[in-house]
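Trainee: Please take a close look at one part of this model, the surroundings of a ligand. I would like one connected account.

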Amino acid sequence: MAQGKKILLSGIQPSGRPHIGNYFGAMKQFVEMQRDHDCFFMIADYHALNTIQDAGALQKGIIDLAIDYLAVGLDPKKSVIFKQSDVSEHTELAWIFDAITTMPFLARAHAFKDAEAKNKEISVGLFNYPMLMAADILLYDTDIVPVGADQKQHVEITRDTAEKFNRIFGKTFNLPEAKILPTVAVVPGIDGRKMSKSYGNTVPLFAEDEEIEKLVMSIVTDSSGGIPKNVYEIHKLFRSEDDLASLYQSKEGKYKELKEKLTHDIKAFIRPLRERRKAIANDTDAVRNILKDGGTRAKEKASAKMEEVREKVGVKLY
Ligand code: ADP
Ligand code: TRP
């Protein structure tokens with residue numbers, strides 16, 4: 001890897017089909033930033049274990065996400081593409097962070113508070129989620145973490161954890177910055193809430209044409225103004241606001257026609273991505289090899305950092 005480039009790390013959980021919110025909020029930036037950063041793109045499989053407790057499903061999710069990464073343009077020649085569980089230093093460092101972090105601090109995390117408010121059963125792993133994410137980021141001396149707005153707090157927790165460790169044991173970790181694109185910070189779903197796999201309101205990134213037609217037609221429109229907000233907000237991802245201004249003016253109140261136009265634009269955007277994905281999915285052995293190689297490269301960097309951490313905390317004797 002070249003000297004002097006900033007280090008970038010990001011990850012996605014292998015927990016279902018990625019959607020256009022994931023793409024415009026996170027993945028698109030990954031692809032663009034490969035050129036001038038040293039990049040690590042991770043499959044957060046141990047994070048996903050909190051919700052997916054079925055070996056076959058997790059295995060499939062991992063391979064699928066690796067294929068998705070490659071299909072959108074992540075390039076194993078430029079970047080390290082790996083899965084979290086291949087680098088055991090992530091869980092090891094998370095334990096050390098657990099030891100220096102208090103329960104009330106983690107109880108302030110939005111993800112935990114949301115789950116609690118919904119009376120969900122909360123595993124210790126879910127409560128601890130931000131510690132594992134802090135380890136993911138800090139092991140690589142990461143400068144930049146490109147994510148969607150919903151991950152902002154996790155990056156803040158990561159910074160706080162790095163500062164706390166540095167204060168107790170001496171300067172060890174770099175403080176990373178989140179990189180959030182303000183224009184697409186929150187892509188709305190077809191029901192107007194944040195697009196999310198867990199709400200079942202997504203337009204999958206590699207959707208088939210028919211699926212796109214159905215989903216767009218079911219976008220919830222409010223009838224208060226001439227411009228259907230949810231349709232417009234999604235359309236904005238595929239066309240410039242100048243283009244859209246004249247289109248939405250000339251079709252004011254004609255929701256069906258506007259949806260047809262949006263369907264057309266989404267299809268044109270997705271088709272080449274979907275075809276690329278199908279080609280990559282034909283050779284899953286090659287995909288496995290890319291992950292395996294990425295794991296080896298990530299491990300090299302993480303294990304050197306972990307040696308330093310073990311020494312700092314006092315467990316390293318030889
Ligand atoms: P989901 O909520 O669908 O499960 P993830 O939590 O797996 O999505 O998110 C993966 C990445 O995509 C994260 O960086 C997240 O911030 C981003 N992301 C997810 N949903 C959206 C959205 N609706 N708008 C913008 N970015 C998003
Ligand atoms: N928490 C992120 C999400 O749900 C996934 C993730 C895990 C991640 N580790 C990370 C993102 C490290 C950025 C950096 O989307």
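Mentor: A residue is near a molecule if one of its heavy atoms lies within 4 Å of it. The model is a predicted one. Around ligand 2 there are 14 residues, and those that come nearest are Gly-11, Tyr-129, Met-133, Asp-136 and Gln-151. By type, the shell around ligand 2 holds 8 nonpolar residues, 5 polar ones and 1 charged one.

Some side chains place polar atoms by the ligand. A nitrogen atom of ligand 2 lies 2.6 Å from a polar side-chain atom of Tyr-129. For Asp-136, an N or O atom of the side chain is 2.7 Å from a nitrogen atom of ligand 2. The side chain of Gln-13 has an N or O atom 3.3 Å from an oxygen atom of the ligand. Ligand 2 exposes 370 Å² when taken alone, and the protein buries 89% of that. Helix α7 gives the most, with 4 residues.

Phe-127 is buried, with a relative accessible area of 15%, and Phe-112 counts as buried at 12%. Phe-112 and Phe-127 pair edge-to-face, with 4.9 Å from centre to centre and 80° between the planes. Because Phe-112 lies in helix α6 (residues 110-117) and Phe-127 in helix α7, the pair ties together parts that are 15 residues apart in sequence. In the whole structure, a search finds 15 aromatic pairs.

Technical notes:
Residues are numbered from 1 along each chain as its sequence is written. Chains are lettered from A and ligands numbered from 1 in the order in which they are written. This is a predicted model: local features need pLDDT of at least 70, side-chain atom pairs count only at pLDDT 80 or more; totals for chains, interfaces and linings use all residues. Side-chain values use heavy atoms; hydrogens and water are left out. A polar contact is a pair of N or O atoms within 3.5 Å; within protein, one must be able to donate a hydrogen and the other to accept it, and residues adjacent in sequence count only if both atoms are side-chain atoms. Accessible areas come from the Shrake-Rupley method with a 1.4 Å probe; for residues, only the protein chains shown count as cover. Helices (H or I, at least four residues) and strands (E, at least two) are DSSP runs, numbered from the N terminus. Ala, Val, Leu, Ile, Met, Phe, Trp, Tyr, Cys and Pro count as nonpolar, Asp, Glu, Lys and Arg as charged, and the others, Gly among them, as polar. Rings of Phe, Tyr and Trp (its six-membered ring) pair if their centres lie within 6.5 Å; planes under 30 degrees apart count as stacked, over 60 as edge-to-face and the rest as tilted. Buried means under 20% relative accessible area, exposed over 50%, partly exposed in between (1.4 Å probe, protein chains only).
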